[in-house]
Amino acid sequence: MINFNYTIWIFLLPFLMFLFLGLAGHKYFPRLSGILGTCGLAVITVLSYITAYKYFFTSEKVDGAYQKIIAFNFTWLQFTDKLHIDIGALLDPISVMMLIVITTVSLMVHIYSLGYMKGEKGFERFFSFLSLFSFSMLGLVLATNIFQMYIFWELVGVSSFLLIGFYYQKPSAVRASKKAFIVTRFADLGFLIGILILSFNTKTFDFITLTNPTGPAIAQGSGIAFLGLSVMTWSMIFVFMGGVGKSAMFPFHIWLPDAMEGPTPVSALIHAATMVVAGVYLVARMFPIYALSAPVALNVVAYVGAFSSLFAAVIACTQTDIKRVLAYSTMSQIGYMMLALGVAGYGGHEGLGYMASMFHLFTHAMFKALLFLGAGAIIHAVHSNYMTEMGGLRKYLPITHITFLIACLTIAGIPPFSGFFSKDEILAAAFHSNKILFAVEYAVAGLTAFYMFRLYFSVFWGKDINYHQTPHEAPATMTIPLIVLAVGCLVSGFIPFNKLVTSDGKILESEIELMIAIPSVLIGLLGIGIAYLMYVKESAIPDKLAATFKYGYKWAYNKFYIDELYLFVTKKIIFRYISDPVAWFDRHVVDATMNGIAGITQGVSFRIRGLQSGQLQKYAFVFITGAIMLAILFIYLWK
Amino acid sequence: MDILSLFVVIPVLTITAILLLKDTRQVRLVSAFGMGLQLLMAASLVFLYLTARHAGNNDEMLFIKDYLWFKSLNIHYAVGVDGISVAMIMLTSLVVFAGIFASWEVEFLRKEFFISLILLASGVFGFFISIDLFTMFLFYELAVIPMYLLIGIWGTGPKEYSAMKLTLMLMGGSALLLVGLLGIYFNSSPDGNRLTFNILEISKVVIPLPDQRIFFPLTFVGFGVLGALFPFHTWSPDGHASAPTAVSMLHAGVLMKLGGYGAFRVAIFLMPEAAHELSWIFIILTSISIVYGAFGAIAQKDLKYINAYSSISHCGLVLFAVLMMNQTAMNGAIIQMISHGLMTALFFALIGMIYGRTHTRMIYEMGGLMKIVPFLSVCYVIAGLASLGLPGLSGFVAEMTIFVGAFQHPELFYRIVTILAVSSIVITAVYILRVIAILLLGPTTNEHFEHLPDAKWFEKISVVTLIGSVAAIGLAPFWLSTMIGTSLHPIIEKIIALNPF
C-alpha cells in the first residue's frame, strides 16, 4: 500500500494561499502575490504529477483493475449514525486524471495571468480568488462522498461568481456574475434534491459504497417506483440537473456566454477547462449507478448532451465576439462528453464511451485552454473582442498564430493532434449504440471545424484593419503557457487512455476504426475548406447565406431567444407575479388584519370610555337607575 | 454564587455601574467591559461544560441550582444548562458584545440607551439559564419591555407605531403562552403531589393527551409569535426597520431565538404527543413562512426590510425543523438559530454602519459602495454568502443538517414539504445577490457618497467578532454539532418513546 497522505496538502495549500493573499496581500505585497500564488500552485502541480505517477504506475492492481484508494478521510459533520459528511481524498483513475488537468491548466493560467493582469487594480485579489478556485476544484474532484462534492460544487460556483464579477464596476460583469450564480444555483437545487432522495434510499453518501456495482445501493434503489420511474432514476435525473447547470448544457447554458465578461484567463481556466466539465465528472463519478440502475437517466444524459452540442455549434457559427464563439464551442464539446457517457455501458467494451468521454475531457481541457489564452493574447493586442475589428494578425502575433492554429486543428479533429483521437472514440462509441445520435455528432464535427476556422481565418488572415496602435506579440509570461499547451495538444492524443481510465478500471482494448476515422477527418476538412472559401477568398457567400436564411440566421444569432425567455420568467413571473403580490399581501392583508384588530380594540374603547367618566353624578344616576330596574325585575319575577 | 446566576448578575452590576457614572463618555467603556466579561464567562462556561461532559457527567442538565422562591405556588428560581443552552448563551454574549461596539456612537441619552440594552440582554441570559417555567416566563417578559423603550425612543421612522405594534403583538403572544404554561403547571403532577414549574420534573410525567391538544398550540403559537411564525410575523419588518442598530441586532439575533428555543424546550419537549399529532398544521405554516418570507424579501427596497423578511424565512426554517422531531433536524434547528443569530446580527450591524454614512437605507439610492467603503462592503458580501448558505460559513451547516434531517422523516408528506423548503435556497440567492449587485457593485451612482470613510476601529471589532464566529462554525461544525447532539439525546428518546414512528 502506497502512502498518499501527503495529498492533504493538495487541498490545504491553495486554501491557505487564498486566506493569506486575501487577508494580507492587499496591504503588504500586492506585486509579490502573483508570484506567490503561482509558486504555491507549482508545488501542487508537482505533487499531483507525483500522485499520478505513483497511482498509475506503482499502485497495486487487483484483478487487473485500478483500485479506489482513500488517501485520507475525516468526519466533518455527523448527521445520523450512517449519514455524515466527510472531507477526504479519493484516488481513482478519473480523479487522478482530473488532478493533472486542473493543476496543469491552472498553473499555465497563473503564469499567463502574471503578464495578462499586470498593472490591473486588484491584482492580489485576482490571485487569491484563483487560489480559492483551485482549492474548490481540487476538493470537488477528490471528494470521497457526494456531499463533499456538493460542498465544493458550491464553492467553485462562488469562485466563478467572484471571478466573473472581477471588474465589479462594470455593470455587464455584475449582471453576468449574478446570472451565472443564480442559474447554477437553481440547477444545484436539483442536485441537492437528488442527494436527499439518494441518501434517503441508500442511507449513505459514500461514493465507494454507492457506486459499488455489486453493492447494496445499486441493488436496493431500483425496485421502488414513483410516477413510473424508479427512485434511483429520479434521484439520478435530479443529480444530473446539477451537472446540466454547472456544465452549461441546454437549457441551463445561458450563463456561460455571459460569463465571458470575466478576465480571459478566468474564462480559460474555469469556463473552458475545469469547472464546466464538473458536470461530466459528476456523471462519470456516479456512472455505475447510471449504467446499472438508472438507464433512463443515462438516456437523458445522452440526449441532453447531443442536443446541446448541436444547438451550441449552430449558434457558434453566427457569433462575432471571439470569446462567445469559444464559449459556445465549449458548450458543444461538453455536449460531446455527455453524449459519450450517455451511450456507454459499465465494464468491458461497452465502456468505450466512458473512456472516450474522459479522454475528450482531457484533450479538450488542453486545446480549449489554449484557444482561450490565445484569444486573450489577441484581445490584449487589439483591445477588442470582435472578429469584425480584427484581420491579418498573423504578421503581428506569430507565436499566438501558430499555437492558435494548432488548437484549431486539434478541435477540428485533424490527425495527429489529440482532438482527433478523442473525438474518434466518441463517434465510434455513438456509432455502436445509437445511429441517430451518431449522425448528430457527425454533423457537429463538421460545424465545429467550420466555425473554428471561420474564427481563425477572419482573425489571422483577411485584410489588415487600421489598428490604433500596431498590435504586438504578448510578453513571454503569456507566450510560454501557449507553447506548453500547444505541445500538450500534440502529445496528449497518444496517452493510452484505454489502459488507464476506464469504467471498471480494467484495460479496454480499442483501436482506431478507420470506417469512422476517415469520414470524420473528411468532414472536418470539408468544414475548414468551406470556411476558407468564405472567409479568405473574400466572397460574398456569408452575407448571401445570411440573407437567404434570414430568419434562421437571426434566430441563431440571437441564441434562439432563450435568454429572453428566461428574462421573461424571472422579471415578469417571479418578480411581478409572485414577489410583488407576496409583499403586497403581507402589508395589505396580513398586517392589515393585525392593525385591524388593534383598530377595533381602539374603536370599541373609544365608544365605551364614556362610561368611565369619573363624574359622581353620572355614576349615581346609573347606579340608581340600575337599582330601580333590578328591583322592578325582581318584583315581577317573584310574582 | 453559582456560575449560571453570574450571567444575570454581571449585567445587573454593569447597569448599576453605569447608573453611578457621571461622565457619559465612560458609559460605553463600562458596557464594553461588562459585556466583554460576559463573553469571557460564556467562553469559560463552554469550556467547563465540555470538561464536565468529558469527565463522564451524563446528567441532562449541568450546574443545576435551585432556590425556593414563592412557596405557596412552588415557584423556584431554578437554573441549569445543557449543550443547547450553553450554545445559546455563547451566541447571546457574542451578539451583545458586538452590539455594544456597533452602538459606540449613540449620542442621545447614551446612559439610558446602554442601560436598556443591557437590561434586555440580562433578560435573555436569564431565559436561557432557567429551567423553571415561571422564571423563564419572567425573564422573557423582562426582555420584551426594554425593547419598547429602545425602539420608541432611539428608533427611526415611524418608531412609536412600530414599538407599539411589536410590544402589543409580543404581549399577545405572551398571553397565549401564559395560559399554556399554566395549563402545563396544573397538569404537572397527576399523582396529586405538589404542582411544579420545573421543566425536568414535568418532563418525567405525561400530560394527558386532551390537555396537550389544548395547551400545545397555545404554547407553540405563544413562542411562535416571537419566532416570526406566519401569520404572526408582521411586527418583525416594522420593528426591525425602526429599531436602532444594536437593537435590531439583538432582536433578530437573539430575541427571535427565544421563540424557537421556547417552542422546542417547552412546547415540544413537554408535550411531544400533541406536537406529533398537530405538527402537520404548523409544518404548513412554517413552510409558508420559509418561502413567503424569501419571496417577500425579493420585492423590498429598504435594506432592513429585506433582512427582516429574510429573518422570517430563516426563523421559519428553525420552527420547521423543530417540528420534524428527529435528532438531525432538531440539531439543525439549533445550529440554524445560532447561525442565523450571528449572521443576521452581522447584517444589521453593517446596515447600521452604512446608514450612519449615507443616511439612507433605500438600495436604489446607493450603488457602487464597494469602491468607497471596501471593508464594510466585503463584510456585507460575506454576510450575504453566509445567508445564502455557502459552505465554509455557518448557514450551510445549519441548512444542510435541517434538510437532511427533515428528509429522513418516514412520511411522504414531510419529505415533500422539505423539498419545498429546500427550494428557498434559490430564492435566497436571488434576493441576496440582487442587493449585493445594486448596493455594492457597479459604478458609484451618487457622487455625494464618494468620500465616505470606511469602518472605524470599534465597528471593525463588532463586525470581525461576528464574522469570525460565522466562519468558525462553518469551517469546523463538528464540535458544535456534537455538543448539541449529545444534549438532544434525552429529548429525542422521550419523543420516540411516546411516539413510535
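**Exercise 1.** In this predicted model, is B:His359 buried or exposed?

*Solution.* Start with the neighbour count: B:His359 has 10 C-beta neighbours inside 10 Å. Next, apply the cut-off: a residue with 12 or fewer is exposed. Therefore B:His359 counts as exposed. Now place the residue. B:His359 lies in the loop of chain B between α13 (327-358) and α14 (369-372). Finally, check the backbone. B:His359 is not a glycine, yet its phi is positive, about 60°.

**Exercise 2.** Find the class of B:Asn74 from its C-beta count within 10 Å.

*Solution.* Count first: 19 other C-beta atoms lie within 10 Å of B:Asn74. Then compare: buried needs 20 or more, and exposed needs 12 or fewer. The count falls in between, so B:Asn74 is partly exposed. Its place is the loop between β1 (62-70) and β2 (75-81) of chain B. B:Asn74 is a residue other than glycine with a positive phi, near 60°. Most residues other than glycine have a negative phi.

**Exercise 3.** Which peptide bond is cis at A:Pro251, and where is that proline found?

*Solution.* Take the bond first. A:Phe250 and A:Pro251 are joined by a cis peptide bond, with omega about 5°. Then locate the proline. A:Pro251 sits in the chain A loop between α9 (231-246) and α10 (255-258).

**Exercise 4.** Repeat the task for B:Pro231: what is omega for the bond from B:Phe230?

*Solution.* Omega is near 0° for the bond from B:Phe230 to B:Pro231, and this bond is cis. Most peptide bonds are trans. Last, the location: B:Pro231 belongs to the loop between α8 (209-226) and α9 (235-242) of chain B.

Technical notes:
Residues numbered from 1 in each chain as written. Chains lettered and ligands numbered in written order. Predicted model: local features only at pLDDT ≥ 70, side-chain atom pairs only at ≥ 80, totals over all residues. Helix = DSSP H or I, 4+ residues; strand = E, 2+ residues; numbered from the N terminus.
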